[in-house]
Amino acid sequence: MTARSTNVLADGTVRLFHHSDPGDDRFTKRAEHDVWELTVRAAECSRIDSVQTFVRYQGCFCMVNHIVDGVAHLIFICDEAGGTTGPSTFSRLDRDFWVTDAPVAELLDWQEIHEDQHFMLWRWRGAPLPVRPPRFGRHGDRTLSTRAVWDGHLYAVKEIQDSAAVLHHLGNRSPKHRSADRYRAWPLGEHARTVPLAELTTYHEHHHLHTT
């Protein structure tokens, strides 16, 4: 069963929601919110993802806040330090955020970041970690890559070996700490290194959606 949920709560549980009857007696109808709800232990869930959706609109890379009736509410994060200002068609929400509404048909370069809540629970609370094998390549209408942040740099996760991850650096320039004894060569001139899972600050999948 797949359901919407909260993030993992302080007691190690998550609340699951369905907006229609899921046909499962464990769910309770909450008439005031018109949803069916169930609280379960996070460890009972095979996957818990926090998903953020990003698109390109009028040349700006924006986060999708919500979509209603084919219209997306977009948030553009303004980098004041770099002198960036919001596009003229956006309204300023506060110092760093600009917002606008746009038809879904005008949005380009759809991307999703699926952050693994099981990983965060394990890293901060010592809960069991069901790390999934890294996923890559074309899957239906999307291209997938598994990514992680280590030592402040973004990496592609090549493999999971026991309690360690094999990482390949992403970016135009190699990390300054690359050296022959810390990295090993991969095909196509890539370099990778192995680090303990506990040293990763995030572990997530990047989904690039192919739309027409």
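Reader: Are Tyr57 and Phe90 buried or exposed?

Author: Both of these residues, Tyr57 and Phe90, are buried. Please keep in mind throughout that this is a predicted model. Across the chain, buried residues make up 39% of the 212 residues.

Reader: How is a pair of aromatic rings described?

Author: One gives the distance of the centres and the angle of the planes. The structure holds 6 aromatic pairs. One of them joins Tyr57 and Phe90, with 6.2 Å from centre to centre and 45° between the planes, and this pair is tilted. Tyr57 belongs to strand 5, while Phe90 sits in the loop between strand 7 and strand 8 (91–92), so the pair ties together parts that are 33 residues apart in sequence.

Reader: Why is the pair of Trp150 and Tyr155 edge-to-face?

Author: Planes over 60 degrees apart count as edge-to-face. For Trp150 and Tyr155 the planes stand at 65°, with the ring centres 6.0 Å apart, so the pair is edge-to-face. Trp150 and Tyr155 are both buried.

Reader: Which residues do ring pairs link into a cluster?

Author: The cluster consists of Tyr57, Phe76 and Phe90.

Reader: Where do nonpolar side chains tend to be in soluble globular proteins?

Author: They tend to be buried together. In this model the largest nonpolar core has 14 residues. The members that touch the most others are Val55, Tyr57, Cys62, Leu74, Phe76, Phe90 and Leu107. Strand 5, strand 6 (60–68), strand 7 (71–77) and strand 9 (97–103) each supply at least two residues of this core. There is also a second, separate core of 12 residues, and among them are Met120, Ala148, Val157 and Leu167.

Reader: What is Leu74 in contact with, leaving aside its neighbours within four places in sequence?

Author: With those neighbours left aside, the contacts of Leu74 include Val55, Tyr57, Cys62 and Leu107. Trp98, Val99, Thr100 and Ala102 are also in contact with Leu74, as are Met63 and Val64.

Reader: How does strand 5 pair with strand 10 and with strand 6?

Author: Strand 5 (49–57) and strand 10 (108–116) pair in the antiparallel sense over 7 bridges. Within this pairing, Gln52 stands opposite Ile113 in strand 10. Strand 5 is also joined to strand 6 by 4 bridges, again antiparallel, and here Tyr57 stands opposite Cys60. Strand 5 and strand 6 form a hairpin with 2 residues between them.

Reader: What order do the strands take in the open sheet of 4 strands?

Author: The order is 1-2-4-3, with antiparallel pairing. Strand 1 (4–5) and strand 3 (28–30) are the edge strands, as each pairs on one side only. Strand 2 (residues 13–18) and strand 4 (residues 35–41) are joined by 6 bridges, and Leu16 stands opposite Leu38 in strand 4.

Reader: Which residues of helix 1 are buried, and what covers them?

Author: In helix 1 (residues 117–125) the buried residues are Gln117, His118, Phe119, Met120 and Leu121. Their cover includes strand 5, strand 10 and strand 17 (200–209). At the start of the helix, a side-chain oxygen of Asp116 reaches to within 2.9 Å of the backbone nitrogen of His118.

Note on methods
Residues are numbered from 1 along each chain as its sequence is written. This is a predicted model: local features need pLDDT of at least 70, side-chain atom pairs count only at pLDDT 80 or more; totals for chains, interfaces and linings use all residues. Side-chain values use heavy atoms; hydrogens and water are left out. Buried means under 20% relative accessible area, exposed over 50%, partly exposed in between (1.4 Å probe, protein chains only). Contact means heavy atoms within 4.5 Å. A polar contact is a pair of N or O atoms within 3.5 Å; within protein, one must be able to donate a hydrogen and the other to accept it, and residues adjacent in sequence count only if both atoms are side-chain atoms. Two strands pair if DSSP finds at least two bridges between them. A nonpolar core is a set of buried Ala, Val, Leu, Ile, Met, Phe, Trp, Tyr and Cys residues joined through side-chain atoms within 4.5 Å. Rings of Phe, Tyr and Trp (its six-membered ring) pair if their centres lie within 6.5 Å; planes under 30 degrees apart count as stacked, over 60 as edge-to-face and the rest as tilted.
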